[in-house]
Amino acid sequence: MKTLVIAEKPDMGRNIASVIEPGAQNKRTYLEGQTYIITWAIGHLIELAEPDLYDPKYKKWNLYDLPIIPEIFRLVPNRKTKDQLKVIAELSKRCNLLINACDAGREGQHIFSLIQRHLKLRQPVKRLWISDLTSETIKQGFEQLRDGVEFENLTKAARARSEADWLIGMNGSRAFTTRHNVLLSVGRVQTPVLALVYDRQKEIEAFSSLTFYEVKAAFQQDQTIYQGLWQGERITSKEQAERIAAKVREKSGSIQKYEVKETKEYPFKLFDLTLLQREANSKYSFPAKKTLDLAQALYEKHKVITYPRTNSNYVTEANIPEMHKALSSLEHTPYRPFVQGADRNRVHTRNKHICNPSRVEDHHAILPTSRKAGNLSADEQKLYDLIVRRFLSHFYPPAEYKVHTVLTEVEQETFKTTIKQLLSLGWKELYADQQKQKKKANGEQEEEEETSESFSLDSSRGVFCKQAEAKEKQTQPPKAYTEGTLLKAMESAGKQIEDEELRDVMKESGLGTPATRAATIERLKKVGYLSMKGKKIEITQKGRTAIELIRGAGVQLLTSPEMTGQWEKRLNEIARGQASDNTFMKNVEKFAAMIVQQVKMQPKADRASFDIKEDTGKSTGRKKAGKSNVTVRSVPAKIDPQASNPQPGSIGTCPREGCGGTIFMGKKGYGCSHYKDGCGFVIWKNSFGRSLTDTQVKMLTQKGRTRKMKLSTPGGKEVEGKLVLLDRETGKLGIET
């Protein structure tokens with residue numbers, strides 16, 4: 001009997017095999033050596049069953065069949081990857097020990113536990129828990145395998161998260177969709193995130209800009225010239241501002257106060273995934289998902305960074321030697337000049353800005369490994385550069401400044417000046433070249449508030465006001481979210497937190513996890529709730545409708561970022577054995593039932609109460625805040641997707657998950673009645689050399705395949721086979737011979 005190693009993805013499996021079984025035979029879906037058989041999942045091989053597998057009546061969406069609360073959640077194989085699941089099942093029969101080598105985190109634990117539960121694997125389990133995929137780390141990880149039972153609480157948390165999302169999503173989406181006859185997607189995490197964007201958009205629309213005035217003056221003492229800003233209550237009159245400017249212009253004055261303080265600015269914290277996504281979005285406009293994908297490639301494929309799906313900015317004592325090793329390896333790269341300027345003595349176990357084991361749970365901060373980076377794509381190189389420079393900055397001293405604060409008085413009018421005089425670049429030396437490029441690209445001038453030039457004043461002597469002018473200003477509305485700022489809001493459950501220490505405390509009660517936040521944003525785009533305008537995130541009319549209908553039903557809790565953040569905190573407590581998963585699930589079940597009950601009592605969205613009109617696909621424009629007009633994308637009255645007997649001309653119900661629309665025959669194909677709501681399902685009438693009949697399309701939508709018939713391949717070859725529905729989202733077809 002051998003030991004079966006189950007990795008999360010093929011690349012990971014091959015990396016592991018190259019270390020523990022370098023002579024293993026490649027069997028395509030697994031690698032087999034003398035002691036180990038190494039295979040892999042391909043993401044999630046197992047899913048929670050759809051409601052109709054509990055009861056056929058759930059095939060049709062009916063408000064009065066809700067809530068759906070299974071006593072025991074059923075598992076089903078993912079249709080697209082069921083062959084790989086069969087491979088694992090067969091291999092497990094030849095093994096007496098399993099090693100869970102999936103990603104060392106909650107989702108990786110969940111992927112393995114689903115396979116174990118569904119296949120009823122009874123072998124003892126060991127856990128490989130590593131933070132990078134270098135040969136040394138893999139070897140060390142196998143020498144220090146942990147017992148699978150140590151991760152029982154993490155498995156419970158992962159299962160609770162999955163089943164809670166199913167309960168809220170399935171019941172919430174079906175309840176609102178059937179009540180209002182408009183496809184609405186609801187989720188435990190996605191809905192409060194959407195509410196964040198909705199509320200910010202409302203603030204922007206309600207904002208009324210005010211005009212005010214500033215008075216700036218230029219003062220001179222000998223050869224030193226500096227700027228000052230008038231101090232006093234906000235000036236709303238142009239005449240008053242110009243009077244003050246005229247009053248002090250070309251007049252003598254005195255220095256009422258002059259303070260000089262030396263300050264230090266330390267390097268920014270090491271990256272966790274959310275900070276990395278925010279930085280990449282700010283600097284390169286990378287969407288959060290793209291950053292995650294690039295980081296995963298740097299980790300899995302290139303093995304040049306440590307595990308990226310971390311929520312920690314710190315390391316443990318064990319990581320300090322690895323950091324020094326990584327520094328040495330960078331000496332033979334383009335980063336050599338920075339390595340030569342590094343002070344190794346700055347990175348040690350007593351440096352609490354870096355080394356804080358109490359802030360490291362599953363994984364430490366993202367670090368470069370000692371592996372040399374080669375053959376990186378342009379975008380991979382950009383992300384790698386961010387990580388390396390942040391890492392190197394901790395081997396440098398702080399930047400040092402003298403901060404000069406001056407209060408200047410002229411004709412009894414006071415002006416304030418703050419100047420940061422750079423004494424030493426310190427760690428900012430790593431970014432000096434980038435700052436110059438940025439300023440050149442933006443046409444920026446050096447701001448006087450920060451200067452490397454020497455600055456000093458004699459407070460006992462007078463000054464002369466060379467110039468003074470009034471400048472018109474406008475108060476600015478709150479800024480629209482970018483993906484970077486939305487990630488920050490998700491991390492702190494919507495609370496505006498600038499303080500880094502408070503941010504760390506709030507991490508446990510954020511919306512989602514570092515690994516899932518990007519997917520949540522992508523999901524909101526996919527269902528048509530959010531759109532991008534450059535870097536800005538905008539809420540669509542459909543997104544507005546969703547939030548207004550949910551809040552109108554009296555289930556504001558479903559849109560509450562803080563409440564959902566507390567759920568995430570509770571899941572973390574379950575993972576640590578500090579809370580009960582059963583209690584958590586009972587509360588989620590009660591909440592799901594409450595949502596359904598509230599929706600049942602909600603008046604249907606109709607023209608009289610919500611100004612419903614069919615969406616033409618064109619933007620309706622922004623609405624003024626405070627008005628309750630809601631435009632709902634409605635299904636035409638003649639189509640009832642809930643009807644037990646479809647209308648003449650219809651083929652049946654749309655197979656797209658959660659849609660509920662009806663398939664109708666058009667001129668060139670069979671499309672969904674919810675196409676204006678974003679459903680892209682279509683089967684073209686002429687496919688693979690056949691003109692499809694209603695019966696054949698009905699078989700495709702209901703059973704997923706037709707009977708055998710003569711077909712033509714894209715290359716023109718005639719074959720006998722079945723048409724198969726490959727994608728229930730789009731209607732894409734294929735041939736099965």
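Which residues does isoleucine 115 touch, not counting residues up to four places away in sequence? In this predicted model, isoleucine 115 is in contact with Ile6, Ala41, Leu45, Ile46, Leu85, Ile88 and Leu121. Ile115 belongs to the largest nonpolar core, which holds 80 residues; together with Phe176, Leu486 and Phe584, it touches the most other members of that core. Helix 5 (residues 152-180) supplies the largest share of this core, namely nine residues. Another core, of 63 residues, lies apart from it and includes Ala7, Leu367, Val388 and Tyr401. In soluble globular proteins, nonpolar side chains tend to be buried together.

The overall organisation of the chain was examined next. The protein chain contains 21 helices and 27 strands. Of its 737 residues, 50% count as buried. Among contacts with a sequence separation of 6 or more, 72% are accounted for by residues 24 or more positions apart.

Helix 1 (residues 10-20) packs against helix 4 (residues 135-143) at an angle of about 75°, and their axes are 9 Å apart. Because angles from 65 to 115 degrees count as roughly perpendicular, helix 1 is roughly perpendicular to helix 4. On the side of helix 1 the contact is made by Asn15, Ile16, Val19 and Ile20, and on the side of helix 4 by Ser135, Ile138, Lys139 and Phe142. By class, this contact comprises five nonpolar, two polar and one charged residues.

The buried residues of helix 9 are Ala288, Thr291, Leu292, Leu294, Ala295, Gln296, Ala297, Leu298, Tyr299 and Glu300. Their cover includes helix 1, helix 8 (273-284), helix 12 (378-393), helix 14 (483-491) and helix 16 (517-526).

Asparagine 281 is found in helix 8. With a relative accessible area of 5%, asparagine 281 is under the 20% limit and is therefore buried. Not counting residues up to four places away in sequence, asparagine 281 touches Phe286, Pro287, Thr482, Glu483, Gly484 and Lys535. Serine 285 lies in the loop between helix 8 and helix 9. Although serine 285 is not a glycine, it has a positive phi of about 60°; at 40% relative accessibility, serine 285 counts as partly exposed.

The loop between helix 9 and helix 10 contains lysine 303. Lysine 303 has a positive phi of about 60° although it is not a glycine, and lysine 303 is buried, with a relative accessible area of 10%. Alanine 318 lies in the loop between helix 9 and helix 10 (319-329). With a relative accessible area of 57%, alanine 318 is exposed. Alanine 318 and proline 357 are 39 residues apart in sequence, and their C-alpha atoms are 9.6 Å apart in space.

The peptide bond from leucine 66 to proline 67 is cis, with omega near 5°.

Key. Residues are numbered from 1 along each chain as its sequence is written. This is a predicted model: local features need pLDDT of at least 70, side-chain atom pairs count only at pLDDT 80 or more; totals for chains, interfaces and linings use all residues. Side-chain values use heavy atoms; hydrogens and water are left out. Axes are lines fitted to C-alpha atoms, for helices over the stretch in contact, and angles run from 0 to 180 degrees between N-to-C directions. Helices (H or I, at least four residues) and strands (E, at least two) are DSSP runs, numbered from the N terminus. Angles under 35 degrees count as roughly parallel, over 145 as roughly antiparallel, 65 to 115 as roughly perpendicular and the rest as oblique. Contact means heavy atoms within 4.5 Å. Ala, Val, Leu, Ile, Met, Phe, Trp, Tyr, Cys and Pro count as nonpolar, Asp, Glu, Lys and Arg as charged, and the others, Gly among them, as polar. A nonpolar core is a set of buried Ala, Val, Leu, Ile, Met, Phe, Trp, Tyr and Cys residues joined through side-chain atoms within 4.5 Å. Buried means under 20% relative accessible area, exposed over 50%, partly exposed in between (1.4 Å probe, protein chains only).
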